[in-house]
Amino acid sequence: MKPIVFLFILGSIGFSIKTNAQHAINSVHFYDVKNAEMEKSYFASIKEINAIIVEIGYPKNYYSCYKLNASDTTKTYRHCTIGHWNSEQEYKVIHDHPKFKAWANKNKDINAVYVSDQLYRKFYLLDK
């Protein structure tokens, strides 16, 4: 009996993980930052919004930031921010939350560094 219960629980967890993964979304922002000071301010604002996302109850949703290596000769889109979202519904709830909107308003000058010239896409996991 114990092996059957164990297999049932394991199967349920596996199904839950697969179901959640199928609804995962990544938002990808490619952009440029004018200088190191603006880069530092922007990345600080990303840390702040990640803390807010945890505070409002969505700790598995967050942004991560990347930049090209200094030796890379690419001239544009040298920075990238990826939003990791469990589902379209969580993405919407987070972005519609008053604390998220307050953060966006407070940081609009910092975020304007990249918003006007960014390349933005939302990607959805392909079913296999």
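Colleague: What does the charged end of K122 sit over?
Modeller: In this predicted model, the ring of Y91 lies under the charged end of K122, at 4.1 Å from the ring centre.

Colleague: Nice. On to ring pairs, then: how many aromatic pairs does the structure hold?
Modeller: There are five aromatic pairs. One of them joins Y63 and W85, with centres 5.1 Å apart and planes at 85°, so that pair is edge-to-face. Y63 belongs to strand β2 and W85 to strand β3, 22 residues apart, so the pair links distant parts of the chain.

Colleague: Are Y63 and W85 buried or exposed?
Modeller: Both Y63 and W85 are buried.

Colleague: And how are the rings of F100 and W103 arranged?
Modeller: Their centres are 5.4 Å apart and the planes meet at 55°, so this pair is tilted. F100 and W103 are both in helix α4, three residues apart, which means about one helical turn separates them. F100 is buried at 7% relative accessible area, and W103 also counts as buried, at 7%.

Colleague: Which residues do ring pairs link into a cluster?
Modeller: That cluster is made of Y31, Y42 and F43.

Colleague: Switching to strands: which ones does β1 pair with?
Modeller: β1 pairs in the antiparallel sense with β3, over seven bridges, and with β4, over six bridges. V28 stands opposite I82 in β3, while H29 stands opposite Y120 in β4.

Colleague: Is β1 mostly covered or mostly open?
Modeller: Mostly covered: five of its seven residues are buried. F30, which is in β1, is partly exposed at 32% relative accessible area. Together with Y77 and L119, F30 makes a nonpolar surface patch of about 230 Å².

Definitions and conventions. Residues are numbered from 1 along each chain as its sequence is written. This is a predicted model: local features need pLDDT of at least 70, side-chain atom pairs count only at pLDDT 80 or more; totals for chains, interfaces and linings use all residues. Side-chain values use heavy atoms; hydrogens and water are left out. Buried means under 20% relative accessible area, exposed over 50%, partly exposed in between (1.4 Å probe, protein chains only). Helices (H or I, at least four residues) and strands (E, at least two) are DSSP runs, numbered from the N terminus. Two strands pair if DSSP finds at least two bridges between them. Patches are made of residues with over 30% relative accessible area and no salt bridge: like charges are joined within 9 Å, nonpolar side chains (Val, Leu, Ile, Met, Phe, Trp, Tyr) within 5 Å. Accessible areas come from the Shrake-Rupley method with a 1.4 Å probe; for residues, only the protein chains shown count as cover. A salt bridge is a side-chain nitrogen of Lys or Arg within 4 Å of a carboxyl oxygen of Asp or Glu. Rings of Phe, Tyr and Trp (its six-membered ring) pair if their centres lie within 6.5 Å; planes under 30 degrees apart count as stacked, over 60 as edge-to-face and the rest as tilted. A charge sits over a ring if NZ of Lys or CZ of Arg is within 6 Å of the ring centre and within 35 degrees of the ring normal.
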